[in-house]
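Please describe the structure shown below in a short report with headings.

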Amino acid sequence: MTYFALLFIAGFAGSFHCIGMCGGFACALGPDGRGAGATSLRHVLYNTGRLSTYCFLGGLAGALGQLICTALAPGTQRAAPLLSASLDVGQRALAVIAGLLMIVMALSFFGLRGRHWVMNGFGSSTLVVSLRRLLGRHGFAAPLAFGVLNGFLPCPLVYAMIAQAASTFNVLSGCLAMAAFGLGTFPAMLVMGGIGRLLAPSWRQRGVRLAGSFILVLGLVTLSRGIMPKMAGHGLHLPWHFA
Amino acid sequence: MTPPPNALCRHCLLPVGRRGFMRTVNGEGCQFCCYGCCIAHQVKSGSGDASEAAWFLVRLGVGSFLSMNIMLFSLLVYSGAFNGADRRVLPTIHLLLWGLATPAVLILGQPFLSETWSQARRGRLTSSALIVLGSLAAYGYSTLAVFQRGGHLYFDTASMVLMLFTLGRYLEAAGRARASRDLAPLLAAESELATVLEDDQEQRRPVREVRAGMLIRVRPGERIPIDGLIVEGSSHCDDSVITGESRPIAKAAGATVLAGSINLDGPLLIESSGSGGESRWAQICCSVREALRQSSRTQRIADRLVGAFVPIVLALAAVTFLYWIQRLPLDQALLTALSVMVVACPCAVGLAAPMAHSLGIGQLARHGCLVRNAGALEALAGARLIAFDKTGTLTLGRPQLVDIASDGVLEGEVVARLAALERHSEHGLARAIALAAGARGIDPIPAVDVQILPGRGLRGVVHGEAIAAGSAALMRELGWVLPPALLERAGVMAASGHSVVFVGWRENASAGRARAALSFDDTPLPEARATVDALRGLGLQVVLLSGDHAGAAARVADTVGADDWQAGLLPEAKRTALDQYRARHGAVAMVGDGLNDGPGLAWADIGIAVGSATDLARETADLVLPVDGLWLLPWVVAQARAVRSTILANLAWAFGYNLAALTCAVLGLLQPILAAAVMAGSSLLVVLNSLRLERLPGPYHPSVPELAAAARPGSEPGPPAQGRSPALALLKA
C-alpha cells in the first residue's frame, strides 16, 4: 500500500509541474455555460480521460515487462514482486533500466537535461493540431476526448512513471501504479480548472523540484532492486498481499 | 537556434535553461523549456477551428477511451489477474467488456461501414470492407461468447483494429495536409475575398465578382486579390507566389501589382486591371488544381492492383479459415482469417503516389515552377534526353553587338555614327546598337534626313555628310567602295552564324566607302552553360533544335556545351527530330519558350516552357518555369527524380510489407491487433518517407555579379565558374 501511496504523492507533487503545462489546458477548457455542475463534470471527464490513458499505458508497460521477463527467464513466472521479494535476472535487468531512466528524468527536473530525445516533428505537431481543434467544442464528449489525447503528450513525468510501471512486471500492478500517479495529479488539476488561473512561477518551480525529488527516490529504489543482492521486504507490499 | 539561458519559457514561464529551444508560433518566435510546453502552447494559442475535424477528434478520443479500457481489462484477464479467488467476477468483467465494446465498435466502425456501403452500392469492394468484416466478425463472435457464457473474448481485437485503422487514417490525413502546405497559397485564389471600395463603402466580395476598373483596398499583411495599378499608397510586395522569387519589392502609386502577392507593410488602394478570374494567379490556381486531380500512370496501376487485391484477399481469408478450422478450434481459425484480412489492407499503396506528387508540386511551386499534370514529374524523371529550342530559351532572344571589324577608323566613331542613324529605326539591331553605345558611354551624334530602305538598311546625313548602314548589297547599290579585307572578315563573321551590317560614309566630299563591318548575334544566356553542364551531369543528353541557320545553331551549341544540334528546322521537322531521338534514347523532354514551339512541346514526352507570358490555359507545356528560370531546370529534374524514387520506394515498401505480413498471417503467426498495428505503421512509414521530400535542398542560383559579368555586352559570354556553384555540383554527384 505504501508503494502506491508513494506514487500518489509523487503524482501530487508532480502536478505542480503539470500545472505549468497541462494546467493551461484545464484553464482553456474553462467553465461551462450551464453552471457549476456542468463545469465540474467537464473537468472530471477531462481528468478521467487523462487517467484512462495513463492506466492504459501503465498496463501496457506492465505487460511488456511481464513479456520480457518470461522471455528472458522462462518458467519463473510469478506474481508481481514489487519492492518486497527477490528478483530473477530479467526482472533485475529491467529494474536497472527503468531505474536509470527515472533518474535521468528526475535530473531533468533539476535542470540537468540530457539530449532532447522526445519525438520530434510530424507526430507531435499532428497531436497539437488535434488538441487545438478539440478545445473550442462544447458537449461532454470533447473534454473526455481531449483528456485522452492529452495523456499522450510527451511529458518526462509520465515517461518516468511508465518506466516504473514496466518494472512491476505485471499488467495489474503497472496499471495501478499509473492510476495512483494519475489520481495524484487530480486535485491540482481540478483546482486549476476551477480557478482558471495559473499559479505563480516561483511556487511551480518548488513543485517541480519536489516532483523531481520523488522521482529520483523512486528511481534509486528501483535501481537498487536490480543491483542489491536479496532485499528483504520493508513493509512495501501489494494491497492484495494483505487480503 | 538556442535562446539565452536566462529567458523564460513562453508556456510555463519557468527558466528555459541551457537546453531550451525556439519555435515559431503564429508567426512570432517563442522560447520553450521543453517540447511538451512547445506543443501545449501551440494547442492553446494556435488558431483554426474546423468543426468537422473537431468532431472526428472527439470520435477518436472517445473511441480510444473505450478501446483502451477494453484493452486494459482484456490484458488483465489474459495475464491471469482474475484467476483463483476472483474467478466469480469474470462474467461481470465480460459483460463490462461487451458494454464498452458495443459503443466503441459503433463509434469507430461507423465511417468504415458507411464507406463500405457507399462503395458496395456502386459495385466496388474497398479495403474498408476488409476492416469492417474483420472487426464485426470478432465482435459478433465475442458477443455470442458473452451470452453463452463460454469461449474466449476478442473485443479487444475488434476495437483495437478499428482504433488503429482510424488512427492510421488520421495520420495519413495530417500527412496529406502537411504535404499540400506549399500549395495552399496557390489554391487560395478561388476562395479569396476582395475589399471593394464603392461609393466610399467597403464591401467584401468574392474575387470572381471583381471587374476591371473597380477600386480594391488591400491592408498590410493581406494578399493582393487582383492584378492592377496602385492608385494610392506605397508598400513592399512579396511576389513569390507568382514569380517564385521571395524578396520584398518597393511599389508606389502608378506601379502594377500582381494578384497573389502579399502586401507587406502599407495600405494600398488598387485599381483592378481585369476581372478577378483572369489574373495569372487564378490561372495558376486552376492549373494546379487540375494537376492534383489527375493521377499519374503509376498511380493508376497501383489503384487497379488495389482494386483486384480486395477480392483476392477475401478469398484467401476464406481459404485460410477453412484450412485452420480442421486443425484448430473455431475462434482460433476465425482469428487467423481475421489477421489475413486486416494485414492485407492496402492503405499504404493508395497513399504512395499522391502524397509524393503534391509535395513535389508544392516544392516546385514555391520556386515559381508550375506542374500542370501529376504524371509530368514522373515522365521528366524518366527522360534521357532534353531538347532545347534555341531562340529565347538558351539565348537572350535578341541580338547583341559581338564584333566590329573596322577599316582605318576608330570603333568608337563607328558606334557613334551608327547609333545616330539607328535611333530612327525600330529594327531589332537598332536596340543592340543603342545598348552597345550605352555600354561604351558614347553619346549619339544627331543625324538628319534618315531614310529606311526596307530589307537593305538605312541612310542619312551626319555632320553634313551622307552615311549608310546595311548589307553589302546596299553599299554596292550606292556605288561605295567595299575594301576586300573588310569583305573577307565579314565573310568569316557570316560563316559563324552572325548577322553582319556594313557601315559606310563619305568624308571630305570624297567617294563613299564602307568603313566597318559589325557582327550581331543572339548570345546564349549567362547561365546556359552551367545549366547544360548540370543537366549533362545528371546523365541527360542535351540537344539543340533550332529554326535558325546552321552556323548560329552550331555556335550556340558549342558555347553551351550541347551534345548535338540540328538547325533550320520547321515546327514539323522538330517533331520528326524528336521522334528520331525518342527511338534512340527513350523518353525525351523539350524546353521552349512556349510561344512559337507549341507543337514541339506537345509532341515531346514532356514539354517545358520557360518564362512564358502566354495564357496558361492554352499552353501545351506540362511544366512551366518562371521568367528567367532556365537555371532552375537541373533542380527541377533532380526534384522530379526524387519524387519518382520516393513513389517507387513507397510502392515497393507497401507491397513488399503487405505480402510478407500476409504470409505470416496465413501461417497463423500474426495476431490481428499486431497486424492492425503493422498496417497503421506501414502507412505512417509511407507518410514519413514522402515527407522526406520536404528536406531536399532548394535550387542554387549563380550569384548576381557573376552573371552580370558574364552578361556584359561585348565580352565573351563564358560560363560561371563551376567551382562556385555547390548546388550544381551537388546535383551532379
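## Confidence of the model

Among the elements of chain B, helix α25 (residues 726-732) of chain B has the lowest mean pLDDT, at 34, whereas strand β20 (residues 541-545) of chain B has the highest, at 89; pLDDT is the predictor's confidence in each residue, from 0 to 100. Helices (H or I, at least four residues) and strands (E, at least two) are DSSP runs, numbered from the N terminus. Over residues 707-733 of chain B the pLDDT is below 50, although this stretch has 51 contacts in the model beyond near neighbours in sequence, two residues being in contact if their C-beta atoms, placed from the backbone, lie within 7 Å. Chain B averages a pLDDT of 78, with 84% of the residues scoring at least 70, and the model scores ipTM 0.77 and pTM 0.71.

This is a predicted model, in which local features need pLDDT of at least 70 and side-chain atom pairs count only at pLDDT 80 or more, while totals for chains, interfaces and linings use all residues. Residues are numbered from 1 along each chain as its sequence is written, and chains are lettered from A and ligands numbered from 1 in the order in which they are written.

## Chain A

Chain A has 10 helices and 0 strands. Of the 243 residues of chain A, 53% count as buried, a residue being buried if 20 or more other C-beta atoms lie within 10 Å of its own, exposed if 12 or fewer, and partly exposed in between, with C-beta atoms placed from the backbone. Among the contacts in chain A with a separation of 6 or more, 86% are between residues 24 or more positions apart.

Helix α7 (residues 156-166) of chain A is mostly covered, with 10 of its 11 residues buried; these include P156(A), L157(A), M161(A), I162(A) and A166(A).

## Helix packing around α10 of chain B

Helix α9 (residues 297-325) of chain B packs against helix α10 (residues 330-343) of chain B at an angle of about 160°, with their axes 8 Å apart; axes are lines fitted to C-alpha atoms, for helices over the stretch in contact, and angles run from 0 to 180 degrees between N-to-C directions. The helices α9(B) and α10(B) are therefore roughly antiparallel to each other (angles under 35 degrees count as roughly parallel, over 145 as roughly antiparallel, 65 to 115 as roughly perpendicular and the rest as oblique). Residues of α9(B) including V313(B), F321(B) and W324(B) take part in this contact, and those of α10(B) include L334(B), V340(B) and M341(B).

The axes of helix α4 (residues 127-147) of chain B and α10(B) come within 9 Å and cross at roughly 160°, which makes α4(B) roughly antiparallel to α10(B). On the α4(B) side the residues include L130(B), G134(B) and Y141(B), and on the α10(B) side L334(B) and M341(B) are among them.

## Sheets of chain B

In chain B, 7 strands form an open sheet with mixed pairing, in the order β12-β24-β23-β22-β13-β20-β21, where two strands pair if DSSP finds at least two bridges between them. The edge strands, each pairing on one side only, are β12 (370-371) and β21 (564-566) of chain B. Strand β13 (residues 385-389) of chain B and β20(B) pair in the parallel sense over 5 bridges, and the bridge partner of F388(B) in β20(B) is L544(B).

Another open sheet of chain B has 3 strands in the order β8-β7-β10, with antiparallel pairing. Strand β7 (residues 235-238) of chain B pairs with β8(B) over 4 bridges, and S235(B) stands opposite K251(B) in β8(B).
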